[in-house]
Amino acid sequence: MASLGVSDICKSFGTTTVLDHVHLDIRDGEFLSLVGPSGCGKTTLLRIIAGLDHADSGSVSIAGAPVDQLPPKRRDVAMVFQSYALYPYMTVGGNLSLPLVMRRLSRWQRMPLAGRFWPGSARVRQAITAAVAEVASLLGLSGLLDRRPAQLSGGQRQRVALGRAMVRQPQVFLMDEPLSNLDAKLRAATRTEIAELHRRLQATFVYVTHDQVEAMTMSDRVAMMMDGRILQLATPQEIYDDPCELRVAEFIGTPRINTLGATRSGDALLVGGQRWPLAVPGDDGRQLTVAIRPEWWTIRDTGLAGDDARCVASGQVRHLELLGSQTLVHVSVDGHPQGLVATVEPERARGLRIGAAIALAAPDRRVLVFDAAGVRVRLPAPSARQPRALADG
Ligand SMILES: Nc1ncnc2c1ncn2[C@@H]1O[C@H](COP(=O)(O)OP(=O)(O)O)[C@@H](O)[C@H]1O
Ligand SMILES: [Mg+2]
């Protein structure tokens with residue numbers, strides 16, 4: 001197992017820049033997800049790490065050593081693709097053993113008849129059979145070794161593809177949207193399987209996906225990629241709670257984060273006719289965006305004022321989505337066409353009626369502020385303001 005370093009990689013196809021100075025440091029044994037919208041350069045980056053494609057500039061290193069000059073098979077990485085790419089006329093056992101057969105047996109040894117009598121081939125074949133049996137048992141494929149891919153379900157085929165990567169015991173696994181051909185239910189189950197597999201193998205995983213749920217649920221860290229750049233590399237919780245850019249905040253999390261236009265006014269922001277006590281640097285009139293996750297809102301009882309929740313948005317209930325464990329309250333707000341969504345306990349939503357007035361409140365430490373370019377404006381934490389005021393006095 002090994003660490004993986006990607007340093008200052010650039011890649012263009014014609015005049016289109018696909019990777020723009022990409023840096024990544026992936027720790028030994030880490031599960032890192034590379035997440036981003038379709039077309040942002042994820043597959044290209046993975047192919048460059050695997051050696052299937054060449055970067056225009058920059059370097060890839062495995063276990064601290066540059067591998068740029070090494071062909072794919074000498075990099076000791078295994079890539080699992082979106083399409084399973086199994087050999088249809090081979091059995092599951094044949095598909096699983098192929099990488100080892102190609103690697104460990106010579107051309108003569110591989111021949112069906114002559115190979116059997118070639119010196120040493122019996123011993124190697126035994127070792128291959130043992131390795132395949134081990135991987136098959138780990139992935140629950142032991143009973144399927146004689147089947148052909150067409151006789152397997154999508155999830156089983158995906159496991160064979162995974163198994164084929166595993167038999168070689170590579171230092172690094174590269175997975176390119178391996179679950180995208182599975183239906184939703186199977187995807188959720190396989191997600192758990194892959195996470196467990198990672199724990200058991202303790203190998204370094206780079207997992208590419210456009211599905212933020214996969215990235216958030218499986219990874220030690222998430223690299224958020226857009227337009228050929230890594231925007232943020234952090235734990236799932238950090239990316240969720242503390243995004244560095246508005247487009248990161250909007251990509252991660254369902255329902256999507258709520259955004260509202262805001263204007264600086266003294267030591268507050270004007271948001272939909274309300275004053276939110278957020279001190280933002282800059283001049284009055286500065287245009288900003290505030291963003292609040294749906295579950296950070298609470299429904300504020302009209303007529304009651306609370307100091308804990310001073311960032312208030314009011315409007316009308318537009319729609320209620322009852323999900324069972326929670327209810328999504330859609331609120332229309334004057335002057336904010338996209339409206340807001342709040343996630344609340346079903347109990348709390350029971351009294352709500354479509355069209356009725358509603359006020360939502362968020363604690364000010366939960367409000368994320370972004371500038372006109374979508375870059376995060378970090379505000380001093382409320383507890384940090386106090387000592388400075390004392391020091392000034
Ligand atoms: N071989 C190629 N020739 C030309 N353009 C390519 C090639 N491979 C990828 N691209 C372009 O590079 C961009 C990134 O592609 P890709 O890495 O496949 O993105 P992702 O995997 O994130 O969806 C896309 O705009 C795609 O059209
Ligand atoms: Mg891709």
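A: A salt bridge here is a side-chain nitrogen of Lys or Arg within 4 Å of a carboxyl oxygen of Asp or Glu. Arg378 and Asp242 form one, with 2.7 Å between the closest N and O atoms. The model is predicted, with local features needing pLDDT of at least 70, side-chain atom pairs counting only at pLDDT 80 or more, and totals for chains, interfaces and linings using all residues. Side-chain values use heavy atoms, without hydrogens and water, and residues are numbered from 1 along each chain as its sequence is written.

The two parts are domain 1 (4–246) and domain 2 (257–392), with bounds from an automatic or database domain assignment. Their centres, taken over C-alpha atoms, are 42 Å apart. Eight residues of domain 1 and 13 residues of domain 2 make the contact (heavy atoms within 4.5 Å).

Between the domains, about 860 Å² is buried, 50% of it from carbon and sulfur atoms; buried area is the accessible area (1.4 Å probe) that two parts lose on being put together, summed over both. On the side of domain 1, Tyr240, Pro243 and Leu246 lose the most area to domain 2, together 60% of what that side buries.

Three salt bridges are counted between domain 1 and domain 2. Helix H8 (residues 236–241) gives three residues, the largest share of the side of domain 1 that touches domain 2; helices are DSSP runs (H or I, at least four residues), numbered from the N terminus.

Key: Chains lettered and ligands numbered in written order. Helix = DSSP H or I, 4+ residues; strand = E, 2+ residues; numbered from the N terminus.
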